[in-house]
Amino acid sequence: EDIITNMTSTSAMTSTFPEFDKVMGGGPQPGNFYGFIGMGKSFKSITTHYIAAENAKRGIPVLILNGEMSAKQYFERIFNKELGLNFDEEVAFGKLTKENYKDYSNKIDEILGHNLFCVTGTSFTKDQVINTINDIEKKHGKRIKMVILDGLTQFEDVCRNEIMSSIENSGVCKELSKTCDVAFMALIHT
C-alpha cells in the first residue's frame, strides 16, 4: 500500500499533459532537472511557457530565465496567450499604447496570480539564479517552485566550448534543482 501511495507526489506540478504527468508520478517534481531537447521551431519554448503559465495559474510561483527572446517578444507571446488578443493588431489599431501598456501587463499578472516571473538576459550563473529566487521571495513573499531556462546555452560558457559548457551546465541545473528545491527545466536547442 505504501508503494502505491508514494507513486504520486503531492509536491508535483503539472506538465499540462496528463499522460506525461502520470508517468512522472504526478508531474514535474521539485529537486529534479528536465531537459527539453530539439531543433529550432519544434515548440520547446511554447510548450514550456504554457507549462509555466498553467502552473502559475494554479498558484505555483515560476521563474523563466529568458535567454532566447527579447523581453518584447516574450511579452508578445504571453500577451497573445493569456489575453487571447493579437499583440500586433492591438498596437496597429491603437488599442495597446505606451500609455496603457501597464494596464495590460497588470491584467496578465492578475490572470497568472502574480506567480510568473521572467528575467531576460544571457550568461546566467548559478549564483544569479539563486539570488534571483531569493530576491523574489523577499520582494513578493513567494518561493519559486519551478524554473525554466530558455536555453541552456544562455548559461555561463564555463568551458569556452558550447557543447562542453552545455554538458557542464546540465549538472549545474541539476544541482540548482536540488539546492533550491525546484523543478528545473532547460531548453536545449540543437
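Modeller: Let's go through the aromatic rings, then a surface patch. Keep in mind that this is a predicted model, where local features need pLDDT of at least 70, side-chain atom pairs count only at pLDDT 80 or more, and totals for chains, interfaces and linings use all residues. Residues are numbered from 1 along each chain as its sequence is written, and side-chain values use heavy atoms, with hydrogens and water left out.

Biologist: OK, how many aromatic pairs are there?

Modeller: Six. Rings of Phe, Tyr and Trp (its six-membered ring) pair if their centres lie within 6.5 Å; planes under 30 degrees apart are stacked, over 60 edge-to-face, the rest tilted. One of the six is Phe75 with Phe79, tilted, at 5.9 Å centre to centre and 50° between the planes.

Biologist: Where do Phe75 and Phe79 sit in helix α4?

Modeller: They're four residues apart in α4 (residues 71-83), so about one helical turn separates them. Helices here are DSSP runs (H or I, at least four residues), numbered from the N terminus.

Biologist: Is Phe79 buried or exposed?

Modeller: Buried, at 0% relative accessibility. Buried means under 20% relative accessible area, exposed over 50%, partly exposed in between (1.4 Å probe, protein chains only). Phe79 also pairs with Phe87: the centres are 5.4 Å apart and the planes at 90°, so that pair is edge-to-face.

Biologist: And which residues do ring pairs link into a cluster?

Modeller: Phe75, Phe79, Phe87, Tyr101 and Tyr104.

Biologist: Switching topic: how exposed is Met164?

Modeller: Partly exposed, with 45% relative accessible area. Met164 lies in helix α8 (residues 162-179).

Methods: Helices (H or I, at least four residues) and strands (E, at least two) are DSSP runs, numbered from the N terminus.
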